[in-house]
Amino acid sequence: MSATGADSGTTADGATADRTTVSGTTTSGRRRRRRSAPGYPSRRRPGIVVVSVLCNLALLALALVTQASTGWALILLLWLNALLFAAARMASRTILAAFLVSFFLLLLGREITVDFFHYESSQAPPGQTEHLQLCLVASLLGIVLGAIGMETWRAWRRWLVVGDGGYAGEDTGGQGGRSGVVGDRGGARRGATVLADPSIVRCLFWVTLALSLVSVALRARYVLANGYLSYYTEFSDLEDASGSMYGLRRIEIMLPLMLTIHLGLFPPRRQVTAAITGWSAYLLLSLLTGQRGTFVGGLVIVLAYWIVRSRQDPPGTWRIGRAGRFIGIVSVPLVAIALAAVESARGVGAVASDTAGRNPILQLLYGQGVSSTVVRNAYTYADFIPKDWYTGEFLHSGLPARLLGYQVFHGNTVEHALHGGSFTHAFAYTLLGPQYLSGRGTGSSFIAELFYDYGYAGVLVGGMVYGAVCIWACTLVKGQPLRNGLRLMIVPTLLWAPRGSATGFLSTWLTPSVVVTLVAVTVLSLAAALLREAGITNRRDRLKLRAQIG
């Protein structure tokens with residue numbers, strides 16, 4: 001993730017600000033401009049090359065020892081090098097790296113445990129495996145090409161604009177060292193207060209968080225008392241029937257955007273720590289409802305933001321001490337165990353039904369990699385799935401549905417499966433039938449939806465879109481907190497795409513709650529700015545009058 005800016009840029013209120021790159025260094029200087037131009041040879045750290053070579057050799061050795069098939073070995077090599085590509089510039093590719101990790105866990109984990117470690121011996125129907133492999137290769141190639149394309153486009157813009165003596169705007173994506181630092185003063189700070197006053201945003205965030213904690217606690221209590229599947233059947237009707245619960249739920253939907261706008265203002269570490277603590281409490285409660293995607297995506301938002309601030313702010317400002325590093329290391333396996341435990345407690349999925357005596361790591365990979373089965377079965381049962389344009393699912397909810405006059409469906413119902421434009425519900429109804437109506441589901445995958453609508457070419461192009469969006473979401477700009485918030489808020493949806501909707505991030509943006517949040521922040525911030533300006537003017541008038549009388 002990177003913070004970008006401009007040399008002597010101008011903020012919304014006309015003030016001049018020195019804008020910096022992710023590490024805080026200004027983009028002034030002909031030498032740095034030449035180095036940022038496309039085609040200019042950049043110095044790479046030898047350690048990255050050594051690590052890449054060692055990782056590739058280790059993977060080849062593992063494939064030889066386990067007698068893995070050539071196809072899966074090559075796919076795993078492709079994924080590994082895509083991840084190394086993201087890790088080479090972690091500050092500007094944090095979301096891309098997280099997306100690739102999610103891609104491995106949700107789409108490759110099961111296939112690798114079966115092919116490399118012979119976890120399961122069942123035979124797939126003819127053509128399924130070849131189809132899955134083609135989809136995975138096309139998707140991974142598309143992701144890398146999309147990321148490179150976005151970075152190349154930004155590099156050209158930076159070279160053309162900054163090279164001509166102009167300024168690098170939000171889309172330049174510059175990177176640099178650690179010398180210069182933009183603090184909370186200057187034009188960037190003043191420009192941010194026009195549309196997102198820090199005090200207003202902070203107050204709205206804490207109010208939204210408090211009400212969201214009440215909402216998620218009520219939902220968790222219901223799920224713990226009535227079972228995980230009840231969340232998809234009875235709870236939706238109960239929530240719609242209760243005005244207070246419905247209102248709390250709408251406010252809860254605003255919370256991720258309020259958090260990311262708050263973080264997008266680049267507040268001091270003390271305020272960030274307090275906000276993350278409250279956010280963590282919300283994530284833990286959401287985990288009790290069985291919603292693992294919200295939990296993992298919320299953690300990635302925190303991790304990615306911490307990386308960008310550690311690179312952008314003065315050295316040591318965001319340093320994590322020994323205790324923090326120890327907690328981080330210990331938390332990784334604990335989070336994995338907790339996620340597996342949640343799936344087991346839900347009573348659905350491979351972890352709940354296929355476990356005793358198995359290697360816990362392979363068991364986890366096998367259980368989480370169920371999305372590859374979705375891609376397989378979607379290919380086999382394509383002729384039985386109700387015909388629809390499933391990548392247009394975002395049109396069937398939120399603002400688009402209201403503007404187009406579409407009925408919005410909730411929960412596991414026949415109407416939702418047949419007329420809701422959701423591949424998740426249509427596919428689950430096709431495979432499970434009556435079990436779907438009891439609350440069970442199969443999940444989805446952005447790859448399965450893209451293939452159903454557009455074939456292999458769609459999988460490739462869709463991968464390019466996701467690669468580009470991951471890089472775009474990694475860019476934070478000082479003085480543009482609303483845009484920063486909109487970028488960060490789609491991170492959970494992006495990471496869940498291997499098991500979710502292909503256009504879920506669009507649905508996240510196109511909700512009334514997002515519009516209400518943006519309008520509330522903007523109107524209240526403008527009102528606060530006008531009141532301050534009026535107060536300053538009145539104070540000046542009083543002083544002038546007092547001077548005249550004196």
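**View 1. Gly398 lies in helix H16, which covers residues 398-404.** The model shown here and in the following views is predicted. Because buried means a relative accessible area under 20%, Gly398, with a value of 10%, is classed as buried. Apart from residues up to four places away in sequence, Gly398 touches Leu510, Thr511 and Pro512. Trp509 stands 111 residues from Gly398 along the chain, yet the C-alpha atoms of these two residues are separated by 8.9 Å.

**View 2. Helix H4, residues 94-117, is kinked.** The kink is centred on Leu108 and amounts to about 60 degrees. Between its end C-alpha atoms H4 spans only 30 Å, whereas a straight helix of 24 residues would span 34 Å at 1.5 Å a residue. Most of H4 is covered, with 20 of its 24 residues buried. The residue that follows H4 is His118, which has a positive phi, near 55 degrees.

**View 3. Helix H4 crosses helix H11, residues 292-312.** Two packed helices are described by the angle between their axes and the distance between the axes. For H4 and H11, the axes come within 10 Å and cross at roughly 145 degrees. The crossing is right-handed. On the H4 side, the contact is made by Thr94, Ile95 and Ala98; on the H11 side, it is made by Val300, Ala304 and Ile307. Five residues of this contact are nonpolar, one is polar and none is charged. An α-helix has 3.6 residues a turn, so residues three or four places apart point the same way.

How values were computed. Residues numbered from 1 in each chain as written. Predicted model: local features only at pLDDT ≥ 70, side-chain atom pairs only at ≥ 80, totals over all residues. Heavy atoms only, no water. Helix = DSSP H or I, 4+ residues; strand = E, 2+ residues; numbered from the N terminus. Expected span 1.5 Å × (residues − 1). Bend = angle between axes of the 7 residues up to and from the residue. Buried < 20%, exposed > 50% of the residue type's maximum accessible area, 1.4 Å probe, protein only. Axes fitted to C-alpha atoms, helices over the stretch in contact; angles between N-to-C directions. Left-handed = near helix turned anticlockwise from the far one by under 90°. Contact = heavy atoms within 4.5 Å. Nonpolar A, V, L, I, M, F, W, Y, C, P; charged D, E, K, R; others polar.
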